[in-house]
Amino acid sequence: MIVADRKPIEEIIQQVEAHRNVLILGCNECVTVCEAGGKKEVGILASALRMYFINNGKDMRIDEITLERQCDHEYLEEIRDRIDRYDAVVSLACGVGVQFMAEKYLSKPVYPGVNTCFLGVTEKRGLWTERCQACGQCILANTAGICPISRCAKRILNGPCGGSTKGKCEVNKDLDCAWQLIVDRLKSLGRMDDYEKLFSIKDWSTDRAGGPRKVVREDVQI
Amino acid sequence: MRLSYPSSTKIIRVPCTGKVDILHILRAFEKGADGVYAVGCMEGDCHFNSGNFRARKRVEQAKKLLDTVGVGGERVQMFNLSSAEGPRFAEYAREMDQRIRELGPNPIKLAMKKAA
């Protein structure tokens, strides 16, 4: 999932204080799971903002809506009949949702309510860690299901490097060396022969190096 | 025991303090409560293992948020006692009542009255 973290409320106050009618728009998907932008977080932020502005003598209307997703036309269309009631929207979706919202409602200022961080997993409640960088050329089949692109600080393809000590990365002693993890898992799978195969130079054009990307699937287009 | 405690205290019963959400606390202040306190079981004695720890964390979160919005985090507090400690319950109620009286009314309530 896309992992996001809450923005400081002071930052959001600064963004919206010039407006009078503000919609706090949540998303029921990834940001709900990582407890940054779901229905509950929308409620907390809206309540805090209402109290702040009442306390500061500012007449503000702050409403709450949480959509199923903000990255699909059909869900964002659900607010078309209500959007004109608001001067601005604080979207608690990831950066994708914020942008799609902005594209769809051109005249409406949209502010991000969360910082979008990475593609990751919930290791335990309150701890999310990165697992994928969406490089566009998945090599997990050859690395025992552990991604050196997202989990190695250097993103190296033939590791480990000299900075790996006792299974930890030189960047941070709490950070596992991805290549140590790969070697350990290849060993347990009995596939150390794979480790002998060298990766050739990776085609980074499918990563960000090639600019903004798109996936076109004519077979599913109508 | 027929113990008395301040009549300003309105009790909202929950199955466990683990049920108390930060949203419940914030809404109470939005609706004009001058203070909110959660009374949970003794730490380590929760029937559901971690309910009172969850409540404590949420109370701490609410404190920070209330400080940020200008209501004041000292208006919210977590207490622990066992269900056999009636006198302590009354004592906490008096303590909270006194603290809130010293702090004065919820500024949100005053601002809303002023705006009306």
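**Entry 1: the cores**

I take a nonpolar core to be a set of buried Ala, Val, Leu, Ile, Met, Phe, Trp, Tyr and Cys residues joined through side-chain atoms within 4.5 Å. Buried means under 20% relative accessible area, with exposed over 50% and partly exposed in between (1.4 Å probe, protein chains only).

This is a predicted model, in which local features need pLDDT of at least 70 and side-chain atom pairs count only at pLDDT 80 or more, while totals for chains, interfaces and linings use all residues. Residues are numbered from 1 along each chain as its sequence is written, chains are lettered from A and ligands numbered from 1 in the order in which they are written, and side-chain values use heavy atoms, leaving out hydrogens and water.

I looked up the largest nonpolar core and found 44 residues, with A:Ile24 and A:Leu49 having the most contacts inside it. Both chains contribute: among the elements that give two or more residues are helix H3 (39-55) of chain A and helix H2 (51-69) of chain B. Helices are DSSP runs of H or I of at least four residues and strands are runs of E of at least two, numbered from the N terminus. H3(A) gives the most to this core, namely 8 residues.

I then listed the partners of A:Leu49, leaving aside neighbours within four places in sequence: A:Ile9, A:Ile12, A:Ile13, A:Ile24 and A:Ile62 are in contact with A:Leu49 (heavy atoms within 4.5 Å). A second, separate core has 14 residues, including A:Ile65 and A:Phe100.

**Entry 2: a buried lysine**

I turned to B:Lys63 in helix H2 of chain B. B:Lys63 is buried but has no salt bridge, and B:Glu60, the nearest side chain of opposite charge, lies 5.4 Å away. Lys and Arg count as positive and Asp and Glu as negative, with His and the chain ends not counted; a salt bridge needs a side-chain nitrogen of Lys or Arg within 4 Å of a carboxyl oxygen of Asp or Glu. Beyond neighbours within four places in sequence, B:Lys63 touches B:Gly73, B:Glu74, B:Val76 and B:Gln77.

**Entry 3: chain A against chain B**

I counted 14 residues from chain A and 18 residues from chain B in the contact. The buried area is about 1,400 Å², with 65% from carbon and sulfur atoms; this is accessible area (1.4 Å probe) lost on putting the two parts together, summed over both. In chain A, A:Met51, A:Ile54 and A:Asn55 lose the most area to chain B, together 42% of what that side buries.

I found 3 salt bridges between the chains. B:Glu30 and A:Arg50 meet in a salt bridge at 2.6 Å, N to O. H3(A) gives the most to the side of chain A that touches chain B, with 10 residues.
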